[in-house]
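Here is a short briefing on a predicted model. Keep the structure open while you read.

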Amino acid sequence: MAILQLEEITMEFGGLRALDVVDIEVKEQQIFGIIGPNGAGKTTLFNIITGIYLPTGGKVIFKDRLLNKMHAWDVARQGIGRTFQNIRLFNKLSVLDNVRVGSHGVSRSGFFGSILGLPGSRREEKTIMEKAEQLLDLVGLGDKKLEYAENLAYGEQRRLEIARAMALNPSLLLLDEPAAGMNSTEKMGLMDLIWRIRNEMQLTIILVEHDMNLVMNICEQIAVLDYGRKIADGPPEVVKNDERVIQSYLGAEA
Amino acid sequence: MDALISQYIDPYYLRILMLIGINIILALGLNLITGVTGQLSMGHAGFMSIGAYTSAIFSMQMGSPFFLSLLAGAMVAAFFGFLIGIPTLRLEGDYLAMVTIGFAEIIRVFFLNFEPGGKAVGLSGIPQNTTFVLVWTLVIIVIILNAKLLNSRIGRAFYAIRENEIAAEASGINSTRLKVLAFTAGSFLAGLGGGLYAHYMYFIRPQDFAFMKSIELLNMVVLGGMGSIPGTVLGSVILTLLPEMLRVVAEYRLMFYGALLVILMIFRPNGLLGDVRVYDLKKKLQGKKVGLWQSSN
């Protein structure tokens, strides 16, 4: 069953067509990869799904619900968590607080509940805390809880972003270049983490990535974008041997 | 209690202590808006004046009990904070600062022409109900509630908006709504401080709440450390005391005041307590212990 459907998505910035009638369907609990050269429109696609951009044309349907005109925070509350290509952490907050903020969309204590310390809000705080600690253990940052996020190493920051996105209890997780700047050991760890998240928490994951090794190993379905157009879509073996894909990555044969 | 205090404390010092308390309440309000949520507001004195005038008029012309006047002042200020917050908080940084300056000026000019507020002459004969015990009780309550707020889901969302608004929204935070909330809560405290001020000074006029007052309050937050409650309290204490201590240099007072601000910001760019946490202090201590142990080996 499809959890996310993108129908004829078009995005224009002024005269530039960043996405040109793109159709993508992601099935539940799939690990779906989006690849393509720089500037192909991959991150734009993520920004459209998460409500940062309003597409010029087309529909974004998540669990049979139209997301097009929703605000980013509302999209998040529908159960879509994401990470960012250029890491966006809350630098001057502790690692733990970063993940606790992630729970905002799925908790509801209000202003007065908070300042008066009402029982409902205290109970919720406890759940948020337990969840955050669990997630930090999952991504291997359990012993850095009280560090400032900005003091973490690059790879750790990427894992913290994943933990923060997971705190939203998402059913769909979008990872924007999760392996960027990681060494090969860290990449192995990351692959393992993505696998575990999907299997243990029954999540659907879409990832944009340049590391072909990682993409081919981990994704069950891959879409290839080039200059805003989808040029291929299928399982890794098929995409790997697709002529147009090879052309756009390696250049046409003379 | 108050009688006892005024017996033992010199009136001059008592006055400074009162002003420190009132400034702490005002600055903690601004800290919520600017320090915690990161929305640069340079019109805090405007909201303070709304609280001051409202409560003074309540007390003088309607003869309402003091607590009711204070509450009315704070509520009306909060209401205006809410009203002004909705359109302006779409703006960011410098633009928001400009607009808040503009609003504070509008409010000041309004009171300059406001008949029941005595126009440019101001209001005098406000009952002197603000007492030392009341001010400091309120300071303690405000600090406790502030600390609870900042430690909660809502408080963390405020910080998240300051740190990265896009990531905050991706976590399900409705940033517009929360910014208006922070602005309203901050204006409430401004109004409360204004009411206390009016009922302490006995006499208020529009120029008491001019641009320089907003800047003074902003300095307290920035000097103490943006977003830090102990920092803001310390900033308020220092910047209330400083002009008094600089009385010895007479006319050069403002020059020294400015120079000290510059020097402090050079050495502590994040404010005095802006980046001080118990956790880091502990780690430093532990680090020192390890160092000693190694050198003895």
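**A covered helix in chain B**

Helix α10(B) is mostly covered, with 10 of its 14 residues buried. This model is predicted.

**Helix α10 of chain B**

- Helix α10 of chain B runs over residues 211–224.
- From first C-alpha to last, α10 of chain B reaches 20 Å, close to the 20 Å expected at 1.5 Å a residue.
- Which residues of α10(B) are buried? They are B:Lys213, B:Ser214, B:Leu217, B:Leu218, B:Asn219, B:Met220, B:Val221, B:Val222, B:Leu223 and B:Gly224.
- The cover over these buried residues includes α2 (11–36), α3 (44–61) and α5 (93–112) of chain B.
- It also includes α11 (229–245) and α12 (253–267) of chain B.
- Just after α10(B) comes B:Gly225, which takes a positive phi of about 130 degrees.

**Chain B as a whole**

- Chain B contains 13 helices and 2 strands.
- Its radius of gyration is 20 Å, close to the 19 Å that the globule rule gives for 297 residues, so chain B is as compact as a globular protein of that length.
- The C-alpha trace of chain B spans about 75 × 50 × 40 Å along its principal axes.
- Of its 297 residues, 49% count as buried.
- Take the contacts in chain B between residues at least 6 apart in sequence: 78% of them join residues at least 24 apart.

**Chain A as a whole**

- Chain A has 10 helices and 10 strands.
- A compact globule of 254 residues would have a radius of gyration near 18 Å, and the 19 Å of chain A agrees with that.
- Along the principal axes, the C-alpha atoms of chain A fill a box of roughly 70 × 40 × 35 Å.
- In chain A, 46% of the 254 residues count as buried.
- Among contacts in chain A with a separation of 6 or more, residues 24 or more positions apart account for 67%.

**Two domains in chain A**

- Chain A is divided into domain 1 (1–79 + 170–254) and domain 2 (89–168).
- How many Å separate the centres of domain 1 and domain 2 of chain A? The separation, taken over C-alpha atoms, is 26 Å.
- Domain 1 of chain A gives 11 residues to the contact, and domain 2 of chain A gives 9 residues.
- On the domain 1 side, α2 and α7 (184–201) of chain A each supply at least two residues.
- That side of domain 1 divides into 8 nonpolar, 1 polar and 2 charged residues.

**The largest nonpolar core**

- The largest nonpolar core has 157 residues, and A:Ala163 and B:Ile25 touch the most other members.
- Helix α9 (residues 175–201) of chain B gives the largest share of this core, 15 residues.
- Both domain 1 and domain 2 of chain A give residues to this core, so it lies between them.
- Leaving aside residues up to four places away in sequence, A:Ala163 touches A:Val99, A:Leu135, A:Leu136, A:Leu138, A:Val139 and A:Leu141.

**Where the chains meet**

- The contact between the chains joins 30 residues of chain A and 23 residues of chain B.
- On the chain A side, α2 (72–77), α3 (95–102) and α4 (111–116) each supply at least two residues.
- The residues on that side of chain A divide into 13 nonpolar, 10 polar and 7 charged.

Key
Residues are numbered from 1 along each chain as its sequence is written. Chains are lettered from A and ligands numbered from 1 in the order in which they are written. This is a predicted model: local features need pLDDT of at least 70, side-chain atom pairs count only at pLDDT 80 or more; totals for chains, interfaces and linings use all residues. Two residues are in contact if their C-beta atoms, placed from the backbone, lie within 7 Å. Helices (H or I, at least four residues) and strands (E, at least two) are DSSP runs, numbered from the N terminus. Ala, Val, Leu, Ile, Met, Phe, Trp, Tyr, Cys and Pro count as nonpolar, Asp, Glu, Lys and Arg as charged, and the others, Gly among them, as polar. The radius of gyration is taken over C-alpha atoms; the globule rule is 2.2 Å times the number of residues to the power 0.38. A residue is buried if 20 or more other C-beta atoms lie within 10 Å of its own, exposed if 12 or fewer, and partly exposed in between; C-beta atoms are placed from the backbone. The expected span of a helix is 1.5 Å times one less than its number of residues. A nonpolar core is a set of buried Ala, Val, Leu, Ile, Met, Phe, Trp, Tyr and Cys residues joined through C-beta atoms within 7 Å. Domain bounds come from an automatic or database domain assignment.
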